[in-house]
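Hello,

Here is the structure we talked about. My notes follow it.

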Amino acid sequence: MKPPNTPHVSRRSFVAGVGAATVLPPATALLTDSAQAAPGAVRPKSAVQASAGQPVYLFFNVAEVQFIEAACERLIPADDSGAGALAAGVPNYLDKQLGGAWGAGERLYCSGPWLPGTASQGYQLPFTPAELFHTALRAINHDFKKRSSRFSDLSADAQDAYLKTLEGGAMDLDGVPSAVFFDMLLRMTVEGFFSDPVYGGNRDMVAWRMIGFPGAYADYYEAIDRHGVKFVREPLSIGEDRHGNVHVHSEIPASIG
Amino acid sequence: MVQRLKEVDVVVIGVGMVGSILSKELAAAGYKVVGLERGQTRFTVPEFQSPAIHDELRFDIRKALMQDNTREPVTFRNSSSQTALPVRRWESFLPGTGLGGSMVHWNGQTYRFHATDFQLATHTRERYGKGFLDPDLTIQDWGVTYDELEPHYDRFEYLLGTSGKAGNLHGQVQPGGDPHESPRSREYPTPPQKEHFQGAMFRKAAMGLGYHPFPQPSSNLSQPYTNPEGLKLNTCVFCGFCERYACEHYAKSTPQTFILPVLLANPNFELRTGCQVQRINLDSTKKRATGVTYIDAAGREFEQPASLVITSLFAINNVRMMLLSGIGKPYDPGTGKGVVGRNYAYQTMSSVASFFDEDVIINPFMASGASGTLINDFAGDNFDHSGLGFIGGAFIGAVNTNGRPIQYHPTPPGTPKWGKGWKDAVVKYYNHSVMFSLHGSSMSQRQNYADLDPTYRDAWGQPLLRITFEFPQNDLKMAEYVTARGVEIGKAMGAKQVAGAPRKGPYTTQQYQTTHNTGGTVMGSDPSTSVVNRYLQSWDVPNVFVVGASAYPQNASWNPTGTLGALTYWVADALKNKYLKNPGHLVTA
């Protein structure tokens with residue numbers, strides 16, 4: 001039973017309606033609208049709609065979201081081939097990852113001493129991913145403040161040029177080399193685009209549909225030697241595995257030892 | 001306070017493939033065995049089940065099944081002149097942890113090394129003359145021959161149910177198999193897996209060039225199989241989530257499917273998980289082990305006395321266990337003296353990417369971890385190296401394992417790294433590309449070794465292992481040569497664009513290559529150049545056996561697990577029939 005006032009919009013039809021080349025309104029615009037709404041005014045979006053479509057940012061602040069949403073969309077832009085990072089929910093993915101265990105340094109050895117390493121030795125900064133993003137984004141937004149501008153206000157070409165500057169490593173973002181920040185941003189953007197939708201990106205499996213990846217589960221035993229034949233099936237998310245693909249062995253009990 | 005436990009016959013450090021097989025053999029022979037595993041207990045049901053197991057982010061990218069590097073990483077440098085720093089995230093290689101060890105997340109690619117590999121130094125000298133080798137290389141014979149290991153290879157493959165096609169039975173070359181392989185005593189236990197499209201394309205092109213393609217030996221099974229332990233394995237469905245994952249289907253041969261149920265049912269065996277062994281304890285003579293000291297998951301310290309200690313850890317962790325225990329003389333690259341940590345080697349991986357038109361539909365996501373087709377024409381010493389300036393080689397194969405898109409989205413050289421150009425190329429080529437693996441040998445070299453790091457420590461306060469490694473020039477020349485052969489095959493497949501990527505230096509910890517680390521406690525006939533004798537028994541402390549790929553004096557052109565399985569049964573045989581009947585040195589130096 002749906003609560004009253006909930007529009008009948010399923011996740012899939014919502015995203016389908018967004019369409020390939022349509023860019024979602026930035027979440028910050030909604031935040032601003034809500035904050036400025038007069039008491040008693042009808043809010044433009046219900047909480048249910050927010051969870052279905054618009055991300056609720058818990059990690060990024062408003063200024064950070066402006067940069068992240070715009071930058072992710074340049075890294076993977078919407079075009080004729082399908083949705084870009086923004087429509088796929090990549091900023092939402094970043095927000096959830098950086099606000100959770102990954103942001104706090106999951107799987108990162110965090111003991112000093114801290115020395116600059118070689119490229120072969122990899123990441124050697126004391127920043128956790130969460131600290132690194134906040135530090136770098138504060139420095140970037142400070143840089144734009146000095147110019148009385150915002151990254152999100154730049155033209156697409158100017159945004160690309162700025163991202164290339166970051167990528168080239170020319171800037172020191174309060175101790176974070178800009179190339180390190182860019183590399184982490186790009187990696188996480190690709191992760192958010194292609195990972196299972198349960199993590200908050202790849203909304204409605206748009207990235208999987210785009211390339212023809214069938215998703216989390218399929219049995220290809222009969223298909224594998226039908227060479228050169230396109231495999232056509234709706235992709236399957238971990239969250240949608242209604243088949244309950246649990247393979248209980250006929251002879252080995254479910255728990256041993 | 002250290003709690004001293006009741007003495008047992010055998011303590012086994014690490015309950016992965018080696019530990020579970022040796023424990024099973026010794027427990028069945030009547031010995032009381034305790035297996036200490038640092039990770040957690042885990043089984044096909046419930047831990048490995050769908051849908052949660054098919055999560056690329058969690059298992060591929062976040063590396064959920066791997067050794068906890070926040071507690072126990074390694075440090076690394078390319079040369080002794082640098083300061084080693086911690087590898088703060090795993091990338092280049094991925095040691096596992098937990099019951100079943102790294103084999104839970106392996107691909108099932110189950111090879112034998114060739115007869116010449118076990119006598120590489122002698123064979124090279126005999127075939128190419130004395131001055132052929134780069135003097136920096138420290139390759140040596142294994143101290144065991146292929147013929148001695150053959151029955152143990154056979155036993156291991158029948159334990160796993162490996163799917164393949166013999167190429168040489170009793171010296172008779174067999175159609176459809178690898179004609180270069182050393183003789184087998186019988187056919188594989190199960191026939192080859194179905195061939196995927198990339199494999200079929202590769203096979204036709206390789207045959208056209210006069211090579212000898214054959215199906216990759218796979219321990220993801222082609223049909224149901226009951227192994228000699230009485231355990232049943234299922235047919236692999238090519239789900240495309242194999243390496244870095246556990247198998248939900250009982251179709252991949254892992255300790256969980258081929259031996260643990262039998263081992264755990266034996267009352268002579270006791271499994272203790274969450275136990276981090278700190279060291280092997282020695283008596284005052286330093287020539288006899290008294291047992292091990294470990295700390296359990298709740299932080300309590302125990303001493304487990306035992307008559308026999310087997311360290312059966314992942315290669316680099318075996319090296320560290322020996323160094324932490326003070327067994328054997330640590331290697332000094334300056335003098336060339338010492339043995340523990342010496343001859344650390346790896347694998348020299350190159351690749352070839354072939355890009356096709358949109359009407360060639362590859363379906364890369366349909367694969368098992370060991371499906372595909374390859375040639376051994378440029379592996380090992382199967383080709384004449386005269387005038388080439390290197391030894392060793394690589395198998396070349398279309399042995400791709402998956403199409404999981406965070407990691408797998410091939411683009412031709414020159415494609416932008418992001419933006420519309422990148423996205424267009426990803427969409428265009430995802431289903432129309434074929435990747436070859438060129439799986440190259442790795443020669444040991446004087447400058448490459450492992451020792452204890454002077455600065456960085458693990459969560460228990462012990463020094464980390466420090467790895468000093470760079471690709472030998474020999475191996476980089478080999479990579480150039482075999483990659484050129486791979487590019488020729490890609491072109492013969494009719495690809496529109498073929499891009500070869502021969503392995504180049506410097507070695508980086510930041511790109512996945514393989515988890516085929518070898519050496520550091522190498523086997524041999526001479527205690528001045530080996531840590532263990534031909535039965536993997538410590539020269540210095542004869543009631544310690546060090547069983548792992550750490551025993552390899554150098555690494556060959558194939559995945560190391562099949563050979564480690566053979567060595568495991570070789571050691572089991574020596575323990576049961578020789579050592580335990582009359583404990584002492586099995587070989588007199």
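**Helix packing in chain A**

Helices α5(A) and α8(A) are roughly perpendicular to each other, because angles of 65 to 115 degrees count as such, those under 35 as roughly parallel, those over 145 as roughly antiparallel and the rest as oblique. Helix α5 covers residues 90-98 of chain A, and its axis packs against that of α8(A) at about 110°, with 8 Å between the axes. Axes here are lines fitted to C-alpha atoms, for helices over the stretch in contact, and angles run from 0 to 180 degrees between N-to-C directions. Helices (H or I, at least four residues) and strands (E, at least two) are DSSP runs, numbered from the N terminus.

The crossing of α5(A) and α8(A) is right-handed; a crossing has that hand if the near helix is turned clockwise from the far one by less than a right angle, and is left-handed if anticlockwise. From α5(A), the contact uses A:V90, A:Y93, A:L94 and A:Q97, and from α8(A) it uses A:M188, A:T189, A:G192 and A:F193. Two residues are in contact if their C-beta atoms, placed from the backbone, lie within 7 Å. By class, this contact of α5(A) with α8(A) has 5 nonpolar, 3 polar and no charged residues. Ala, Val, Leu, Ile, Met, Phe, Trp, Tyr, Cys and Pro count as nonpolar, Asp, Glu, Lys and Arg as charged, and the others, Gly among them, as polar.

This is a predicted model, in which local features need pLDDT of at least 70 and side-chain atom pairs count only at pLDDT 80 or more, while totals for chains, interfaces and linings use all residues. Residues are numbered from 1 along each chain as its sequence is written, and chains are lettered from A and ligands numbered from 1 in the order in which they are written.

Helix α4(A) also packs on α5(A): their axes come within 9 Å and cross at roughly 130°, and the two helices are therefore oblique to each other. This crossing of α4(A) and α5(A) is right-handed. A:V65, A:I68, A:E69 and A:C72 of α4(A) touch A:V90, A:P91 and A:L94 of α5(A). The classes in the contact of α4(A) with α5(A) are 6 nonpolar, no polar and 1 charged.

With α6 (residues 129-146) of chain A, α4(A) makes an angle of about 90°, the axes being 10 Å apart. That makes α4(A) roughly perpendicular to α6(A). Here A:A63, A:E64 and A:F67 in α4(A) meet A:L137, A:I140 and A:N141 in α6(A).

**Interface and domains**

Between the chains, 63 residues of chain A are in contact with 68 residues of chain B. On the side of chain A, the elements giving two or more residues are α4 (62-75), α8 (178-194) and α9 (206-211). That side has 35 nonpolar, 17 polar and 11 charged residues.

An automatic or database domain assignment divides chain A into domain 1 (20-109 + 117-212) and domain 2 (214-245).

**Confidence**

The predictor gives the complex an ipTM of 0.96 and a pTM of 0.93. The pLDDT, the predictor's confidence in each residue from 0 to 100, averages 81 in chain A, where 73% of the residues score at least 70. In chain B the average is 98, and 100% of the residues score at least 70. Over residues 1-52 of chain A pLDDT stays under 50, and the model has 48 contacts beyond four places in sequence for them. Residues 252-257 of chain A are also below 50. Where pLDDT is low, the predicted coordinates should not be read in detail.

Regards
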